[in-house]
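Here is a short briefing on a structure that may be new to you. Look it over first, then read on by topic.

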Amino acid sequence: MDIDSTGALFQAAAKGDASAWEALVGRLSPLVWSVVRAHRLIDADAHEVFQTTWFRLADNLTRIKEPDKIGAWLASTARHECLKVIRGSRRVVPTSDIDVLSPEADDRSPEQAVLDAEESAGREATLRKVWQAYEQLSENCRRLLRVLMASPPPSYAEVAAGLGMAIGSIGPTRGRCLGQLRRLLA
Amino acid sequence: MSGDVEPGGPEREDTDLEESLRRAAQLFDPVPVSLMEVAVEAFRFRTVDAELAELTFDSLAGAAAVRGPAQARVLGFGGPGAGLDLEITAAGASLRVVGQVTPPAHVVVEVRGDAPVSVGTDAFGRFTVDRVPPGPLSFRCRVGDAVFTTEWVTV
């Protein structure tokens with residue numbers, strides 16, 4: 001299959017195309033995961049919110065009217081579920097506990113394994129420094145940058161939906177937070 | 001990368017730093033593969049025949065929502081002609097769900113989630129399900145000729 005746009009993938013999935021759905025999951029999971037991580041839930045809650053978000057999309061496949069905005073729909077759904085989980089239990093990860101610097105070897109994607117293999121030790125050390133500096137940023141900066149880190153890069157509309165922020169404030173906040181990060185790395 | 005961005009300018013530096021963060025996230029906090037598999041699987045379990053009963057009330061929604069561990073989560077779902085009210089309480093590591101289908105009737109309620117189960121209601125549409133594991137949860141039931149499925153919630 002060679003469908004470029006997320007909207008086209010969504011429409012194909014809505015008509016029953018399982019491979020289009022799988023491609024959609026591959027493309028938008030990093031966005032959903034980033035929104036969930038930005039809210040710093042404990043792992044069990046993060047996993048549950050991620051699943052709920054995709055289950056909702058599956059049940060709403062034939063009901064969603066704007067296929068091109070599906071990324072924003074997912075981001076917004078994930079955000080609202082995160083907020084409810086936080087209100088329900090207040091189980092939120094303290095900064096130091098989110099030390100996911102060594103993901104389980106058996107839970108890596110093929111891409112991840114390739115990435116690992118390709119990373120030279122020096123390059124990985126550099127990225128680790130970047131990641132550790134990121135963890136020292138203010139809460140607001142960590143939230144925004146965690147969503148911007150999704151791959152492929154999310155649109156500002158998707159970021160806004162995932163964080164409940166005005167689109168206009170994303171650019172300036174991003175510049176300020178990346179500046180802080182650069183100073184931490186200097 | 002657009003050609004009109006001056007190489008080495010602040011915008012370019014920000015783009016490069018953000019790209020490093022993206023690579024770091026892929027390395028240190030990737031989407032767990034097991035979760036991707038669950039999301040792919042969701043396609044097979046989607047409802048295509050049923051009406052969707054939307055979440056119309058949630059005790060955790062809105063700014064005033066406050067809940068301690070011992071209190072109940074109260075949820076209301078409504079669809080065309082039928083609805084479902086739920087009260088969810090923690091019972092040890094699992095959950096107890098007490099519900100009522102409206103209009104009241106003898107129906108079968110199917111619990112969708114990590115531990116799928118079906119229960120019958122009494123004549124008033126009431127039912128209780130014990131030992132429900134925390135996680136995504138949805139309910140499906142047939143009232144008369146209509147089948148409805150609730151939106152998924154995280155409990």
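A:Glu66 is partly exposed, with a relative accessible area of 44%. Its salt-bridge partner is A:Lys69, with the closest N and O atoms 3.1 Å apart. A:Lys69 is partly exposed too, at 49%. Keep in mind that this is a predicted model.

**Salt bridges**

- Over all chains, a search of the whole structure finds 22 salt bridges.
- One of them joins the side chains of A:Arg40 and A:Glu135, at 3.1 Å from N to O.
- This pair links distant parts of the chain, 95 residues apart. A:Arg40 sits in the loop between α2 and α3 of chain A, and A:Glu135 in helix α6 of chain A.
- Is A:Glu135 buried or exposed? A:Glu135 is buried, because its relative accessible area is 16% and the cut-off for buried is under 20%.
- A:Arg40 is buried as well, with a relative accessible area of 5%.
- Another group forms a network of salt bridges: A:Arg174, B:Glu11, B:Glu18, B:Glu19 and B:Arg22.

**Where chain A meets chain B**

- How many residues of chain A are in contact with chain B? The count is 61 residues of chain A, against 53 residues of chain B.
- The two chains bury about 5,200 Å² between them. Carbon and sulfur atoms account for 61% of that area.
- Three residues, A:Phe55, A:Asp59 and A:Arg87, supply 12% of the area that chain A buries against chain B. That is more than any other three residues.
- Between chain A and chain B there are eight salt bridges.
- There are also 20 residue pairs in polar contact between the two chains, counting pairs with both residues at pLDDT 80 or more.
- Several helices of chain A each supply at least two residues to the side that touches chain B, including α2 (18-38), α4 (70-89) and α9 (167-185).
- Which helix gives the most? That is α3(A), with 11 residues.
- By type, the residues on this side of chain A divide into 29 nonpolar, 12 polar and 20 charged.

- B:Arg112 and A:Asp59 form a salt bridge, with the closest N and O atoms 3.0 Å apart.
- The pair crosses between chains, from strand β5 of chain B to helix α3 of chain A.
- B:Arg112 counts as buried, at 9% relative accessibility.
- A:Asp59 is buried, with a relative accessible area of 2%.

**Helix α2 of chain B**

- Helix α2 of chain B covers residues 33-41. Its buried residues are B:Val33, B:Leu35 and B:Ala39.
- Why are these residues on the same side of α2(B)? They cover an arc of only 160° around the axis, so they fall on the same side of α2(B).
- The buried residues of α2(B) pack against α2 and α3 of chain A.

**Two buried residues and their contacts**

- A:Asn60 lies in the loop between α3 and α4 of chain A. A:Asn60 counts as buried, at 9% relative accessibility.
- Leaving out residues up to four places away in sequence, A:Asn60 touches A:Trp73, B:Leu52 and B:Glu151.
- A:Asn60 and A:Ala14 are 46 residues apart along the chain, and their C-alpha atoms are separated by 8.9 Å.
- B:Ser138 is in strand β8 (residues 136-143) of chain B. Its relative accessible area is 0%, so B:Ser138 is buried.
- The side chain of B:Ser138 reaches the backbone oxygen of B:Thr150 at 2.9 Å.
- Beyond its neighbours within four places in sequence, B:Ser138 is in contact with several residues, among them B:Glu110, B:Arg112 and B:Trp152.

**Backbone details**

- The peptide bond from A:Ser151 to A:Pro152 is cis, with omega near 5°. A:Pro152 lies in the loop between α7 and α8 (156-163) of chain A.
- In chain B, the peptide bond from B:Thr102 to B:Pro103 is cis, with omega near -5°. B:Pro103 is in the loop between β4 (94-102) and β5 (108-112).
- A:Arg40 is a residue other than glycine with a positive phi, near 55°.
- B:Arg131 is a residue other than glycine with a positive phi, near 55°. B:Arg131 belongs to strand β7 (residues 126-132) of chain B.
- Is B:Arg131 buried or exposed? B:Arg131 is exposed, with a relative accessible area of 69%.

Note on methods: Residues are numbered from 1 along each chain as its sequence is written. Chains are lettered from A and ligands numbered from 1 in the order in which they are written. This is a predicted model: local features need pLDDT of at least 70, side-chain atom pairs count only at pLDDT 80 or more; totals for chains, interfaces and linings use all residues. Side-chain values use heavy atoms; hydrogens and water are left out. Contact means heavy atoms within 4.5 Å. Buried area is the accessible area (1.4 Å probe) that two parts lose on being put together, summed over both. A salt bridge is a side-chain nitrogen of Lys or Arg within 4 Å of a carboxyl oxygen of Asp or Glu. A polar contact is a pair of N or O atoms within 3.5 Å; within protein, one must be able to donate a hydrogen and the other to accept it, and residues adjacent in sequence count only if both atoms are side-chain atoms. Helices (H or I, at least four residues) and strands (E, at least two) are DSSP runs, numbered from the N terminus. Ala, Val, Leu, Ile, Met, Phe, Trp, Tyr, Cys and Pro count as nonpolar, Asp, Glu, Lys and Arg as charged, and the others, Gly among them, as polar. Buried means under 20% relative accessible area, exposed over 50%, partly exposed in between (1.4 Å probe, protein chains only). The arc is that of the directions from the helix axis to the C-beta atoms.
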